[in-house]
Amino acid sequence: GVALWIPPTKSAALATYPARWQGVLALSRLAIESGVPKNAASFLVGRSMRLIDREAWPCLVTYADQWRRHTGAIYRAANFEYLGLTRPERIYTIGGRMVARKAGPKTRTHAEMLALGATLEGAFAKHKFRHVKA
């Protein structure tokens, strides 16, 4: 499996940990091979957290996509604090793959997404979690 941690946008960091928003690190991608034991994802998250300098990054944030039917159970197992649901955002796909509205500095409109051949799947919220160093 792979866990990719990166700094979030300033607005996301401020919304997560305003006391020290520069110290927020986000789990951007988590990929686990199918067929691995059930605890593999939370094991990977926990192990990757131990490799992070928690003095430099006292707050970790991650999200579980409702669109993908994720509940955040792996983050709860890794002792993350549940912060609730985000504002729903539109999800678009092309050929079954999710397509981002953001393209470089520009955010595409709904009409532009449809013109690309994208299908609107609906508007979905995400479960938000954080882990603050004690």
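Visitor: What should I know about the ground rules here?

Guide: It's a predicted model, so local features need pLDDT of at least 70 and side-chain atom pairs count only at pLDDT 80 or more, while totals for chains, interfaces and linings use all residues. Residues are numbered from 1 along each chain as its sequence is written, and side-chain values use heavy atoms, with hydrogens and water left out.

Visitor: How many helices and strands are in the chain?

Guide: You get four helices and 10 strands. Both are DSSP runs numbered from the N terminus: helices are H or I with at least four residues, strands are E with at least two. Along the sequence the pattern reads β-α-β-α-β-α-β-β-β-β-β-α-β-β. The C-alpha atoms fill a box of roughly 50 × 40 × 25 Å along the principal axes.

Visitor: What makes Glu55 and Lys133 a salt bridge?

Guide: The term asks for a side-chain nitrogen of Lys or Arg within 4 Å of a carboxyl oxygen of Asp or Glu. Here the N to O distance is 3.0 Å, so the pair qualifies. Glu55 sits in the loop between helix 2 (40–50) and strand 3 (59–65), and Lys133 in the segment after strand 10 (126–132), so the bridge ties together parts that are 78 residues apart in sequence.

Visitor: Why is Glu55 called exposed, and Lys133 partly exposed?

Guide: Look at relative accessible area: under 20% is buried, over 50% is exposed, and partly exposed is in between (1.4 Å probe, protein chains only). Glu55 has 54%, so it counts as exposed. Lys133 has 36%, so it lands in the partly exposed band.

Visitor: What about Arg130 and Glu81, how far apart are the closest N and O atoms?

Guide: They're 2.9 Å apart, and the pair forms a salt bridge. Arg130 lies in strand 10 and Glu81 in strand 4 (residues 81–85), so parts 49 residues apart in sequence are tied together. Glu81 is partly exposed at 37%. By this rule, the count comes to four salt bridges.

Visitor: What makes strand 2 and strand 3 a pair?

Guide: Two strands pair if DSSP finds at least two bridges between them. Strand 2 (residues 24–31) and strand 3 have three, in the parallel sense, so they meet the rule. Leu25 stands opposite Leu60 in strand 3.

Visitor: Why is Arg54 called buried?

Guide: Its relative accessibility is 14%, so it falls under the 20% limit. Arg54 is in the loop between helix 2 and strand 3. Leaving aside neighbours within four places in sequence, Arg54 is in contact (heavy atoms within 4.5 Å) with Met49, Cys59, Leu60, His131, Val132 and Lys133. The C-alpha atoms of Arg54 and Pro105, on the other hand, are separated by 31 Å.

Visitor: How many of the chain's contacts join residues at least 24 apart?

Guide: It's 71%, counted among contacts between residues at least 6 apart in sequence.

Visitor: What makes the phi of Arg69 worth a look?

Guide: Most residues other than glycine have a negative phi. Phi of Arg69 is near 65°, a positive value in a residue other than glycine. Arg69 lies in the loop between strand 3 and helix 3 (73–77), and at 75% relative accessible area it is exposed. Asn79 also has a positive phi, of about 65°, and is not a glycine. Asn79 belongs to the loop between helix 3 and strand 4, and its 61% relative accessibility counts as exposed.
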